Amino acid sequence: MSHPSTGKGEDLNLWNIVCREFDKAASRLGVPEGLLQQIKVCNAVYYVQFPVRIGDHYEIFEGWRAEHSQHRKPTKGGIRYSEAVTQDEIMALAALMTYKCAIVDVPFGGSKGGICFNPKKYSREQIERITRRYTVELVRKNFIGPGINVPAPDLGTGEQEMAWIADTYDALTPGQIDSLACVTGKPVTQGGIRGRKEATGRGVQYGIREAFKHGEDLKKHGLSAPLEGKRIAVQGFGNVGYHVAKFLSEEDGCRVVAIGEVDGGIFNPEGIPIAPLGEHRARTGSIRGFPGARALDRPGDVLEVDCDILVPAALENQITLDNADRVKARVVAEAANGPTTPEASERLAKRGVLIIPDIYLNAGGVTVSYFEWTKNLSHIRYGRMEKRLDEIYREKMVNVLETTTHHPVDEKRRRELIQGADEVDLVNSGLEGTMQNAYREIRELLLSDPELGDLRSAAYAVAIRKVARSYMELGVFP
Ligand code: NAD
């Protein structure tokens, strides 16, 4: 079978790429070959073609749901709506989910799904019908359920699609008290969790912050702390790209100098304000024409602008041998899945560019999905039981402090000190701790075995070791 490739002969098939990265890391682990094979293969793929009434005729849609590894249940992973979806891509993305979950210690196996169509060409009502019909197919084949397989948003899908999936599942499985946990990334009013929409972008922010805490590592890449003042370029102004750009510029003092989209991009060395750009796009349908910024003609131009940190947050295979030599950033922070080919990674590494790999960096989404799933199973909002009690204790502490020091605490400080944690505070602090721990684990493994070469191989190695341990403990049944 022929595979997509670049002019330089690189194999762009994402499944092959993931398998190659896996083999590279696995060769250093001493895990038995048979077990490595079992971890690497995709356990199950459901392929379906189904009809949906579009206007006055029926259209046939192709959909997939892959379960890469069933060593933990449920399996977990997003659903992608794109004309470029293929079975190999879905299998590869499911595999990345397995490794991602292991890296951030989320107790799920990896899964992914997709439907091959461009949602921008369909009305909201038509997308609802396509989504609901796809969900029916998944229910029929047992590829969805709170303890079986739990989808989430990905490219081309968001809260709305997740709400339709939850509602369809609930309608087909009446009386199941846990049915809301069949999907994550739902609107907060439909059983979602605060902070999930922003979670992947938040996780990318926390991951970049963590990388910038290790001065000696940065030095090796010709970089220096602090993160503040660094110039950022972002490819893809969707859910992930928007939030990364917003958080890094508004909370870390970074300057977003370029954003790229399907129809081109914009560049402004003085910095681009993200919230107004979001409003401009909502009003005009494009980021282009934003006041004060110069136009970038091609979607790929953003990858080559002068900046410190490049955040690909759109699609796979964006940095290849065709453009790697023109990437000027010193850090490539992979918010998208598979944005850099193995050959391009090598080329960048030779130039000392630091790559923070996807399987670690964009794991914030699945981490908070895990929080949402546990919230749905416990049927109570995080913080609801303990927030007031926590505030009462804090108030007592402040009172004791005042009486022992004879210094009254002013009203503003008092309010800050006694404020208990809301759901979003708990979610974000849980996510931050997760991203910090995972980075340190990957970094320590790389320091202990420099032959692994880079953070990506070290991240794969961390994941493979954890999944292998789980298989060893379970054995094979029947
Ligand atoms: P999205 O659909 O919300 O946004 C993607 C954006 O990229 C869109 O605005 C689209 O117009 C743009 N785009 C498409 N092709 C482009 C191109 N060639 N150049 C520039 N821009 C282009 O999707 P998302 O949820 O933000 O996902 C983005 C990436 O992050 C994907 O690789 C996805 O797998 C990954 N990811 C997403 C999540 C999540 O929670 N949503 C979690 C982990 C990883």
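In which helix does isoleucine 392 lie? Isoleucine 392 belongs to helix H13, which covers residues 387-405. The model shown here is predicted. This briefing covers a surface patch, a pocket and several salt bridges.

**Surface patch**

- Isoleucine 392 has a relative accessibility of 32%, so it counts as partly exposed.

**Second largest pocket**

- The second largest pocket has a volume of about 640 Å³.
- Its lining is made of 28 residues. Nearest the centre of this pocket lie His221, Leu446, Gly453, Asp454 and Leu455.
- Several helices each supply at least two residues of the lining, including H1 (14-26), H7 (215-220) and H10 (342-350). Helix H15 (423-448) and helix H16 (455-474) also each give at least two.
- Strand E12 (354-356) supplies at least two lining residues as well.
- By residue type, the lining divides into 13 nonpolar, five polar and 10 charged residues.

**Salt bridges: overview**

- The whole structure holds 40 salt bridges.
- One network of salt bridges links Arg80, Glu89, Lys112, Asp154 and Glu316.

**Lysine 112 and aspartate 154**

- Within this pair, the closest N and O atoms of the salt bridge are 3.2 Å apart.
- Lysine 112 sits in strand E4 (residues 109-115), and aspartate 154 in the loop between strand E5 (149-153) and helix H5 (159-172), so the pair ties together parts that are 42 residues apart in sequence.
- Both lysine 112 and aspartate 154 are buried.

**Arginine 132 and glutamate 128**

- Arginine 132 forms a salt bridge with glutamate 128, and their closest N and O atoms are 2.8 Å apart.
- Both residues lie in helix H4 (residues 124-140). They are four residues apart, about one turn of the helix.
- Arginine 132 counts as partly exposed because its relative accessibility is 23%.
- Glutamate 128 counts as partly exposed because its relative accessibility is 25%.

**Arginine 414 and glutamate 402**

- A salt bridge joins arginine 414 to glutamate 402, with the closest N and O atoms 2.8 Å apart.
- Arginine 414 is in helix H14 (residues 411-418) and glutamate 402 is in helix H13, so the pair ties together parts that are 12 residues apart in sequence.
- Arginine 414 is buried, and glutamate 402 is buried too.

How values were computed
Residues are numbered from 1 along each chain as its sequence is written. This is a predicted model: local features need pLDDT of at least 70, side-chain atom pairs count only at pLDDT 80 or more; totals for chains, interfaces and linings use all residues. Side-chain values use heavy atoms; hydrogens and water are left out. On a 1 Å grid over the protein atoms alone, a cavity is a set of points where a 1.4 Å probe fits but cannot get out, and a pocket is an open set with protein on both sides within 12 Å along at least five of seven lines; lining residues have an atom within 4 Å of a point. Grid points are joined across faces, edges and corners, and a volume is the space filled by probe spheres set on the points. Ala, Val, Leu, Ile, Met, Phe, Trp, Tyr, Cys and Pro count as nonpolar, Asp, Glu, Lys and Arg as charged, and the others, Gly among them, as polar. Buried means under 20% relative accessible area, exposed over 50%, partly exposed in between (1.4 Å probe, protein chains only). A salt bridge is a side-chain nitrogen of Lys or Arg within 4 Å of a carboxyl oxygen of Asp or Glu.
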